[in-house]
Amino acid sequence: MLKGVHQKLDPQQTPAFFVRGASAFSRTVFFCALSISLMAIDARLNYLSQLRQGFIAALHPLEMVANAPSNWVRDVSHYFSAHNQMVQENYSLKQQAFEHQVRLQRLNTVEAENAHLRSLLNGDIPIQPKAVLGEISHTGRDPFSRVVVINRGSQHTIKAGQAVVDSKGVLGQVTRVFPFSSEVTLITDKALSIPIQIERNQLRAIAFGEGNNKLDIPYLPTNVDIKVGDTLVTSGIDGIYPAGLAVAKVTQILQDPDSPFAKIISTPVAEVSNHLQLLVLDLPLAKEALPIVSPPTTAKTPDPTILKAGTTASPSTKRRNPIQPNNVIAPANNSQPNNKVKPNAPN
Amino acid sequence: MRPTNLVVVYITLLIALLCQLFPWVGQGIIFRPDFMLIVTLYWLLRAPHLCNIGTAWIVGILVDLATGSLLGQHALSFTLVAYMGLSYQRRLVLFNPWHLAGYVFALLVIERLLMLMLKLFEGNDNPGLHYFWPVISGLLLWQLMILLFGALTRSKS
C-alpha cells in the first residue's frame with residue numbers, strides 16, 4: 001500500500017498502465033545473485049564445463065562465419081603472392097629439407113645407438129611422442145588471459161594437458177578441449193609452470209609464467225650459474241613436456257642484495273604472433289607413469305604391469321625393464337640410473 | 001523515435017556476437033569495443049519493454065561463454081550497468097546528444113571498472129590504462145548505432 005502511494009508521488013516514475021512484472025531493482029538483485037552464484041560454481045566446481053563445451057560446439061558455425069573474411073583475405077593474398085617469391089621459397093625450403101635429411105640420417109643412427117646404450121645400462125628408452133598438426137584460429141578474446149585457440153579438438157583426439165610446440169619451442173599446454181577447437185594456455189600465463197633445465201650446465205629448475213610474455217625462475221640462489229643468453233630446455237620431469245624442447249632464453253638477471261634469491265627473467269622462444277601452425281604432442285608418459293607408485297617390488301608385479309602397459313608401450317620395452325617409466329619421476333625406486341642422473345643435479 | 005520490434009533487437013545482437021567472435025589479432029584486441037554491451041545498452045535505453053535487465057544478463061552469459069572467462073563475470077557487470085542505465089532511461093528525452101554521450105561514457109567506464117575489479121579478484125594482474133580503450137571505441141560504436149537506428153534524444157526543433 002505505502003509503496004503504491006509512494007510510487008504515485010514520485011515525479012520520476014509515472015505509474016504504469018500495465019503491470020510489467022518485477023521492478024528493475026528486484027530484477028537486478030535477482031540476476032546479480034544468479035551471476036555471483038554461477039561464478040562461484042564455475043570457479044570452485046566443475047559442473048559447467050559440459051555446458052561450455054556444448055555452447056562452444058553450437059557456436060562453431062558462427063565462428064566459422066566470423067573467421068571467413070580474414071581467411072579469404074589470407075587465401076587471396078596467398079594466391080596473388082608473386083611467382084618469383086614462391087620459386088625462391090621453394091628453393092630455400094628444398095635446401096633446408098636436404099640439410100635436415102642429412103642430419104636426420106645421423107639422428108637415426110644416433111638414436112638407435114642411444115637406445116642400445118640405454119638398454120645395455122638397463123635404462124628406459126625415450127619415447128617418441130606422436131603429434132597432431134593444428135592451426136591457431138584466434139588469440140584469446142579476453143585480453144587478460146594468455147590463451148590461443150586452435151582448430152583441433154576432441155574430434156581430433158586432443159586431450160586436456162597435452163603439450164603444444166611450434167617450430168621454435170614450447171608454446172604451452174592444452175587446457176580446455178571443445179569438440180572442434182581447444183584452448184592452449186601459453187607458458188607465459190600466470191597459472192602455468194614448466195620444469196626446465198639450463199642447456200649449458202643441465203641445472204634443473206621450474207619456470208613460472210609472469211603474464212607479460214616473460215618467464216620467471218624463482219628460488220635460485222644469487223650465486224647460481226646462469227648467464228644472460230642461456231637457453232632453457234624442458235627437462236621432461238613432469239611427463240607432459242618431452243625432454244629437450246627449447247623453452248626460453250634468459251634475458252635479464254637481477255641481483256637484489258637484500259634477497260637470498262636471484263630474479264631471473266627469460267623470454268619464450270616460441271613465436272605465437274608469427275606462426276599459425278603448431279604441433280600438439282601426445283601424452284605418452286601420463287599413462288605409464290601411473291604404475292610407478294607400486295613397483296618397488298621387482299619380481300612379482302611386472303606381469304600385470306606389462307599386460308597393462310603392453311597395449312600402449314612398444315613391445316621392445318617389455319623385455320628390458322619392468323620399471324620402464326622415466327626414472328626422473330621417482331629417482332628413489334631404481335638406484336642405478338639415479339646415480340647417472342646425479343651429476344646433472346645442481347651443484 | 002520509431003517503434004521497434006523484437007526481431008530487430010535480436011538480429012542486431014546476433015551481429016554484435018559475430019563481431020565479438022571475429023578473430024581480433026594482436027593490438028586490435030586492445031581497441032576492440034564491447035559490441036554486445038553497446039548494442040544491449042542502445043536497445044535498453046530505447047525500448048526497455050523489449051530489452052531489459054534479463055536480456056542484459058543473458059547477453060553477459062553469452063559473452064562469458066564466447067570469451068572463455070569465468071561464467072557470470074560479464075553477466076554481473078552487464079546487469080549492474082543495465083540497472084544504472086535504466087534508472088535514467090525516462091529522462092533521456094530531455095538530454096541533448098552531448099549529455100547522452102557523456103552518460104553512455106560514464107556507463108561504459110563503470111562497466112570497465114566492474115570488470116577490472118572482478119578480474120583482479122580472480123587473480124589477474126593490473127593491465128594498465130590501455131584497458132580503458134574500449135570505452136573510447138565503444139563511444140564511436142554508440143554514435144554509429146545512433147546513425148543506423150535513430151537518435152534517442154529529441155530532435156532539434
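Let's start with two helices of chain B, where Met36(B), Thr40(B) and Leu44(B) in H3(B) meet Thr55(B), Ala56(B), Val59(B), Leu62(B) and Val63(B) in H4(B). By "meet" I mean contact: C-beta atoms, placed from the backbone, within 7 Å. Sorted by type, the residues of this contact are six nonpolar, two polar and no charged. Here Ala, Val, Leu, Ile, Met, Phe, Trp, Tyr, Cys and Pro count as nonpolar, Asp, Glu, Lys and Arg as charged, and the others, Gly among them, as polar.

A quick word on what you're looking at: this is a predicted model, in which local features need pLDDT of at least 70, side-chain atom pairs count only at pLDDT 80 or more, and totals for chains, interfaces and linings use all residues. Residues are numbered from 1 along each chain as its sequence is written, while chains are lettered from A and ligands numbered from 1 in the order in which they are written. Helices (H or I, at least four residues) and strands (E, at least two) are DSSP runs, numbered from the N terminus.

Back to our pair. The axes of H3(B), residues 35-46, and H4(B), residues 53-67, come within 10 Å and cross at roughly 170 degrees. Those axes are lines fitted to C-alpha atoms, for helices over the stretch in contact, with angles from 0 to 180 degrees between N-to-C directions. H3(B) and H4(B) are therefore roughly antiparallel, a label for angles over 145 degrees.

Now, what do H3 and H4 of chain B pack against? They meet the buried residues of H5(B), as do H6 (97-122) of chain B and H2 of chain A. Of the 15 residues in H5(B), 12 are buried, so this helix is largely enclosed by the rest of the structure. Buried means that 20 or more other C-beta atoms, placed from the backbone, lie within 10 Å of a residue's own. Among them are His74(B), Phe78(B) and Tyr83(B).

That brings us to where the chains touch: 34 residues from chain A and 32 residues from chain B take part. On chain A's side, H2(A) gives the most, with 11 residues. That side divides into 16 nonpolar, 11 polar and seven charged residues.

Finally, chain A itself has eight helices and 12 strands. Do look for the closed barrel of six strands, S6-S7-S8-S11-S10-S9, with antiparallel pairing. Strands pair if DSSP finds at least two bridges between them, and S6(A) and S9(A) are joined by three. In one of these, Ile198(A) has Leu232(A) as its partner.

Terms used
Parallel < 35°, antiparallel > 145°, perpendicular 65-115°, else oblique.
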